[in-house]
Amino acid sequence: MSRKSISFTLNGEKTEIEVEPTLLLVDMLRNRLGLTGTKIGCGEGDCGACTVLLDGKTVNSCLILAMQVEGHEVLTVEGLGTYDKLHPLQSAFIAEGAVQCGFCTPGMLLSAKSLLDENPQPTRQQIAKHISGNLCRCTGYAKIINAIEKVANS
């Protein structure tokens, strides 16, 4: 299978990589670029564990071919904050106990960022609806919604 070179912005940095036409974005991120914050859950776009932002909008990276990000901007959880300077959403998730096993957390954080970028003061109902594509088996969502609401109200 012939490879094609693609160029895109990844977490604020220009990136160029050769990819196979059938390589999924999630596999490129995890296996080729070492960004393991993006999780592989169902592989069918149902769980949201692989959520990343593509040009500021949430996408399931298990449903996107790597080649499709050519010329676009991709944000993964690794680009959200740093160890020394967490993003406000990351800090709120920790403070509110919205992080338990952590498997859904990267996708949940990026979905929350997308929502707050679009609507800085969402209602609880809007928050719940926006994160409905991200499944969490640990928290029951209340703590996650509280964390997002905390950032929206700050």
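Is E20 buried or exposed? In this predicted model, E20 counts as buried, because its relative accessibility is 18% and the cut-off for burial is under 20%.

E20 takes part in salt bridges with two arginines. The side chain of R3 meets that of E20 at 2.9 Å, N to O. This pair links distant parts of the chain, with R3 in the segment before β1 (4-10) and E20 in the loop between β2 (13-19) and α1, 17 residues apart. The side chain of R32 also forms a salt bridge with E20, with an N to O distance of 3.6 Å. Because R32 belongs to helix α1 and E20 to the loop between β2 and α1, the pair ties together parts that are twelve residues apart in sequence. R3 is partly exposed, at 48% relative accessibility, and R32 is likewise partly exposed, at 33%.

A search of the whole structure finds six salt bridges. Another of them joins the side chains of K150 and E96, at 3.5 Å from N to O. Through shared partners, salt bridges join R3, E20 and R32 into one network.

Helix α5 (residues 142-152) also packs against helix α3 (residues 105-118), at an angle of about 35° and with the axes 11 Å apart. The crossing of α3 past α5 is right-handed. On the α3 side, M108, A112 and L116 make the contact, and they meet I144, I148, V151 and A152 of α5. Seven residues of this contact are nonpolar, with no polar and no charged residues.

T38 is located in the loop between α1 (25-32) and β3 (51-54). With a relative accessibility of 1%, T38 counts as buried. Leaving aside residues up to four places away in sequence, T38 touches V26, L29, R30, A49, C50, V52, S61, T76 and E78.

Two loop residues were examined for backbone geometry. Most residues other than glycine have a negative phi. D55, which is not a glycine, has a positive phi of about 55°. D55 lies in the loop between β3 and β4 (57-60) and is partly exposed, at 44% relative accessibility. Y141, also a residue other than glycine, has a positive phi near 75°. Y141 is placed in the loop between α4 (124-130) and α5, and its relative accessibility of 27% makes it partly exposed.

Technical notes
Residues are numbered from 1 along each chain as its sequence is written. This is a predicted model: local features need pLDDT of at least 70, side-chain atom pairs count only at pLDDT 80 or more; totals for chains, interfaces and linings use all residues. Side-chain values use heavy atoms; hydrogens and water are left out. Helices (H or I, at least four residues) and strands (E, at least two) are DSSP runs, numbered from the N terminus. Buried means under 20% relative accessible area, exposed over 50%, partly exposed in between (1.4 Å probe, protein chains only). Contact means heavy atoms within 4.5 Å. Axes are lines fitted to C-alpha atoms, for helices over the stretch in contact, and angles run from 0 to 180 degrees between N-to-C directions. A crossing is left-handed if the near helix is turned anticlockwise from the far one by less than a right angle, and right-handed if clockwise. Ala, Val, Leu, Ile, Met, Phe, Trp, Tyr, Cys and Pro count as nonpolar, Asp, Glu, Lys and Arg as charged, and the others, Gly among them, as polar. A salt bridge is a side-chain nitrogen of Lys or Arg within 4 Å of a carboxyl oxygen of Asp or Glu.
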